[in-house]
Amino acid sequence: MPAATRTELWEHAGADVNRIPGVMDVDALVDAALVGFDRKEEVTIPAIHDLSAWEALERARGVLASGFQQSEPAPRYRP
């Protein structure tokens, strides 16, 4: 999952990519994606430096998803 990547798309959109902070070069993105692939990562996000942030999001997503199989609304939504 790339963040903003330095491509010609920006020029076609009328934006000056050099004025946008944090744009990753394509070569760096591809190299990182290949490392993630070699490591058999399910998701590779080269711009995320703190892996614990992704892990926390995945844990929270799991907790949230476990609540989807309920036959009754949560108490806070009952009249």
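## Salt bridges

D25 and R6 are joined by a salt bridge in which the closest N and O atoms lie 2.9 Å apart. Because D25 belongs to strand 2 (residues 24–25) and R6 to strand 1, this pair ties together parts of the chain that are 19 residues apart in sequence. D25 is partly exposed, with a relative accessible area of 42%, and R6 is likewise partly exposed, at 32%. The model described here is predicted.

The structure holds two salt bridges. Besides the pair already described, the side chains of R61 and E58 meet at 3.2 Å, N to O. Both R61 and E58 lie in helix 3, where they are three residues apart, about one turn of the helix. R61 counts as partly exposed at 48% relative accessibility; E58 is also partly exposed, with a relative accessible area of 29%. In general, side chains of opposite charge can pair when their charged atoms come close.

## Confidence of the model

The protein chain has a mean pLDDT of 91, and 97% of its residues reach 70 or more. Among the elements of the chain, helix 2 has the highest mean pLDDT, 94, while helix 1 (residues 9–12) has the lowest, 89.

## Surroundings of T5

T5 is found in strand 1, which covers residues 5–6. Its relative accessibility is 13%, under the 20% limit, and therefore T5 counts as buried. Apart from neighbours within four places in sequence, T5 is in contact with W10, V23, M24, V26 and L29.

T5 and V43 are separated by 38 residues in sequence, and their C-alpha atoms are 17 Å apart in space.

## A nonpolar surface patch

V26, one of the contacts of T5, also takes part in a nonpolar patch on the surface. The patch is formed by V26, V30 and L34, which together have about 220 Å² of accessible area.

L34 is placed in helix 2, which spans residues 26–38. With a relative accessible area of 47%, L34 is partly exposed.

## The loop between helix 2 and helix 3

T44 is located in the loop between helix 2 and helix 3, the latter comprising residues 51–66. T44 counts as buried because its relative accessibility, 18%, is under 20%. The side chain of T44 is joined to that of E41 by a polar contact of 2.8 Å.

Definitions and conventions: Residues numbered from 1 in each chain as written. Predicted model: local features only at pLDDT ≥ 70, side-chain atom pairs only at ≥ 80, totals over all residues. Heavy atoms only, no water. Helix = DSSP H or I, 4+ residues; strand = E, 2+ residues; numbered from the N terminus. Buried < 20%, exposed > 50% of the residue type's maximum accessible area, 1.4 Å probe, protein only. Contact = heavy atoms within 4.5 Å. Patch = residues over 30% accessible without salt bridge, like charges linked within 9 Å, V, L, I, M, F, W, Y side chains within 5 Å. Areas by Shrake-Rupley, 256 points an atom, 1.4 Å probe, with all protein chains shown as cover. Salt bridge = Lys/Arg side-chain N within 4 Å of Asp/Glu carboxyl O. Polar contact = N/O pair within 3.5 Å; in protein donor to acceptor, adjacent residues only side chain to side chain. pLDDT = per-residue confidence, 0-100.
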